[in-house]
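Please look through the sequence and the model shown below before reading on. The report that follows takes up a few places in turn.

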Amino acid sequence: FDAVIHFAGLKAVGESVHKPLLYYDNNLIGTITLLETMAAHGCKNLVFSSSATVYGWPKEVPCTEEFPLAAANPYGRTKLFIEEICQDLRRSDSEWKIILLRYFNPVGAHPSGYIGEDPRGTPNNLMPFVQQVAIGRQPALTVFGNNYSTKDGTGKIPLVMAGRRPGDVETVYASTKKAEHELNWKAKYGIEEMCRDQWNWASKNPYGYASPNLN
């Protein structure tokens with residue numbers, strides 16, 4: 001292979017707080033094994049799927065790449081440690097070419113309603129869970145904490161209020177100015193369009209890609 005795109009890893013923030021050793025073992029050791037295997041076969045081009053969790057609790061938003069890094073939970077720390085491992089590897093051997101992609105949670109679906117997010121099992125991200133509550137696949141949305149200084153946009157779906165969940169951060173989202181400047185790409189959809197397209201996908205395909213009208 002010429003390159004590897006590394007998406008593998010455990011990714012639930014709440015679970016990582018309760019099972020940190022599982023996350024360190026799987027995400028860190030798994031990545032080191034991957035890097036060793038790549039080096040043994042002369043493949044030194046890597047795209048690593050990192051995470052916005054490496055920013056922890058940012059002092060302001062939106063986040064840019066230059067923000068300080070301080071993960072707030074074990075999952076985020078595995079991503080941050082792997083970034084540092086990759087940087088050390090690159091410094092030790094200039095043949096390595098590594099891109100670190102710090103993902104934020106994507107929201108929405110294709111406007112046609114034929115392409116959308118279809119997580120296996122219980123969703124870990126917010127919008128797919130909201131979607132499944134809205135179509136009746138989940139009984140209610142659990143809101144972890146009622147004392148965040150964020151706008152309430154939960155609408156009219158069944159809710160269960162719970163205490164704050166360790167490892168969660170209040171607000172974090174990305175600046176797209178660098179992408180606009182360097183790639184001539186500009187974000188053009190707002191939260192209303194994202195929710196509209198996600199509902200269009202969910203209502204047409206309540207069981208995702210297993211829905212009868214997609215088979």
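Is I5 buried or exposed? In this predicted model, I5 has a relative accessible area of 54% and is therefore exposed, the cut-off for that word being over 50%. The residue lies in strand β1, which covers residues 4–6. Together with F7, I99, L101 and Y103, I5 forms a nonpolar patch on the surface, and the accessible area of these residues together is about 490 Å².

Helix α2 runs over residues 20–40 and has 21 residues, and from its first C-alpha to its last it reaches 29 Å, which is close to the 30 Å expected at 1.5 Å a residue. Its buried residues are Y23, N27, L28, T31, L35 and M38. Seen down the axis of α2, these buried residues fall within an arc of 90°, so they line one face of the helix. An α-helix has 3.6 residues a turn, so residues three or four places apart point the same way.

The buried residues of α2 pack against β1, α1 (13–18), β2 (45–49) and α3, whereas L21, E36 and A40 are exposed on the other side of α2. Just after the helix, G42 takes a positive phi of about 70°.

## T78 in helix α3

T78 is found in helix α3, which covers residues 74–92. Because its relative accessibility is 0%, T78 counts as buried.

Helix α6 (residues 191–204) has 14 residues and reaches 20 Å from its first C-alpha to its last, close to the 20 Å expected at 1.5 Å a residue. The buried residues of α6 are D197, Q198, W201 and A202. They cover an arc of only 135° around the axis, which puts them on the same side of α6, and they pack against α4 (126–134).

P111 has its place in the loop between β3 (97–101) and α4, and with a relative accessible area of 43% P111 is partly exposed. Leaving aside its neighbours within four places in sequence, P111 is in contact with D197 and N200, and D197 is one of the buried residues of α6. Although P111 and M194 are 83 residues apart along the chain, their C-alpha atoms are separated by 9.2 Å.

Key:
Residues are numbered from 1 along each chain as its sequence is written. This is a predicted model: local features need pLDDT of at least 70, side-chain atom pairs count only at pLDDT 80 or more; totals for chains, interfaces and linings use all residues. Side-chain values use heavy atoms; hydrogens and water are left out. Helices (H or I, at least four residues) and strands (E, at least two) are DSSP runs, numbered from the N terminus. The expected span of a helix is 1.5 Å times one less than its number of residues. Buried means under 20% relative accessible area, exposed over 50%, partly exposed in between (1.4 Å probe, protein chains only). The arc is that of the directions from the helix axis to the C-beta atoms. Contact means heavy atoms within 4.5 Å. Patches are made of residues with over 30% relative accessible area and no salt bridge: like charges are joined within 9 Å, nonpolar side chains (Val, Leu, Ile, Met, Phe, Trp, Tyr) within 5 Å. Accessible areas come from the Shrake-Rupley method with a 1.4 Å probe; for residues, only the protein chains shown count as cover. A salt bridge is a side-chain nitrogen of Lys or Arg within 4 Å of a carboxyl oxygen of Asp or Glu.
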